[in-house]
Amino acid sequence: MVALDLHSNRPVARQGRVETGHTCNALLRWRGTPWQDQRFDLSRGRTGGEDTEFFFRLARRGAVYAPADAAVLEPVAPSRLQMRWLVRRRFRMGQSHASIAYDAPHRAAVFCTALAKAGFCLGAWLIAPSRLRRRFWMLRGVLHCGVCAGCLSLRQPALYGG
């Protein structure tokens with residue numbers, strides 16, 4: 001867990017632009033913006049990913065995100081230290097990432113890209129020189145499989161709540 005830093009969230013910039021955020025550490029300008037009527041999708045409360053989908057939606061309305069050097073620290077529950085939980089979460093994270101696709105042609109493109117990435121991860125997993133690297137490539141591949149599932153609108157697993 002520690003070597004792969006599996007419980008950290010860091011903003012990812014693609015082509016110099018941060019596309020989404022995490023509610024654990026976000027500050028938004030709200031008044032006078034074209035997204036002030038937007039709210040979290042409450043149906044994602046037990047699956048997670050509501051922040052990812054929300055921030056992608058705001059970005060489509062013009063929001064621009066900038067990372068800051070600020071940290072939020074919280075303990076990790078013992079149940080979240082199991083590979084089984086991490087696999088389920090990575091898959092669901094991929095499903096949430098699929099919300100970047102705003103229409104059918106974009107969804108098809110995101111699906112094809114994720115499928116290719118999943119195939120690459122499988123190959124990397126097969127030739128990985130250590131158990132640690134195999135776990136890394138397996139979890140990365142599961143994430144991309146989750147993106148494919150999200151593009152197909154498959155049901156998301158409930159990770160939180162009762």
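## Starting point: T113

T113 is partly exposed, with a relative accessible area of 41%; here buried means under 20% relative accessible area, exposed means over 50%, and partly exposed covers what lies in between, using a 1.4 Å probe and protein chains only. T113 belongs to helix α3, which covers residues 104-127, where helices (H or I, at least four residues) and strands (E, at least two) are DSSP runs numbered from the N terminus. The C-alpha atoms of T113 and L152 are separated by 14 Å, the two residues being 39 residues apart along the chain.

The model is predicted, so local features need pLDDT of at least 70 and side-chain atom pairs count only at pLDDT 80 or more, while totals for chains, interfaces and linings use all residues. Residues are numbered from 1 along each chain as its sequence is written, and side-chain values use heavy atoms, with hydrogens and water left out.

## Aromatic pairs

Rings of Phe, Tyr and Trp (its six-membered ring) are taken as a pair if their centres lie within 6.5 Å, and planes under 30 degrees apart count as stacked, over 60 as edge-to-face and the rest as tilted. By this rule there are six aromatic pairs. One of them joins F40 and F54, which are stacked at 4.3 Å centre to centre with 25° between the planes. This pair links distant parts of the chain, since F40 lies in the loop between β2 (17-18) and α1 (50-60) and F54 lies in helix α1, 14 residues apart. F40 counts as partly exposed at 35% relative accessibility, whereas F54 is buried, with a relative accessible area of 3%.

F136 and W137 form an edge-to-face pair, with 4.9 Å centre to centre and 85° between the planes. F136 is partly exposed, with a relative accessible area of 28%, and the charged end of R133 sits over the ring of F136, 4.4 Å from its centre; this description applies if NZ of Lys or CZ of Arg is within 6 Å of the ring centre and within 35 degrees of the ring normal. Elsewhere, ring pairs link W30, F40, F54, F55 and Y65 into a cluster.

## Salt bridges

Side chains of opposite charge can pair when their charged atoms come close. With a salt bridge defined as a side-chain nitrogen of Lys or Arg within 4 Å of a carboxyl oxygen of Asp or Glu, the count comes to three. In one of them R61 pairs with D37, the closest N and O atoms being 3.3 Å apart. Because R61 lies in the loop between α1 and α2 (83-97) and D37 in the loop between β2 and α1, the pair ties together parts that are 24 residues apart in sequence. R61 is partly exposed at a relative accessible area of 36%, and D37 is exposed at 52%.

D41 forms a salt bridge with R44, where the closest N and O atoms are 3.6 Å apart; D41 counts as partly exposed at 28% relative accessibility, while R44 is buried at 13%. R57 pairs with E53, the closest N and O atoms being 2.8 Å apart. These two residues are four residues apart in helix α1, so about one helical turn separates R57 and E53, and both are buried.

## The second largest pocket

On a 1 Å grid over the protein atoms alone, a pocket is an open set of points, in contrast to a cavity, where a 1.4 Å probe fits but cannot get out; a pocket has protein on both sides within 12 Å along at least five of seven lines, and lining residues have an atom within 4 Å of a point. The second largest pocket has a volume of about 190 Å³, a volume being the space filled by probe spheres set on the points, which are joined across faces, edges and corners.

The lining includes R14, R17, F56, R60 and H106. Helix α1 gives the most to this lining, with three residues. By class the lining has four nonpolar, two polar and four charged residues, where Ala, Val, Leu, Ile, Met, Phe, Trp, Tyr, Cys and Pro count as nonpolar, Asp, Glu, Lys and Arg as charged, and the others, Gly among them, as polar.

## Positive phi values

Most residues other than glycine have a negative phi. D5, in the segment before β1 (13-14), has a positive phi near 50° and counts as partly exposed at 34% relative accessibility. S153, in the segment after α4 (131-151), has a positive phi near 60° and counts as exposed at 60%.
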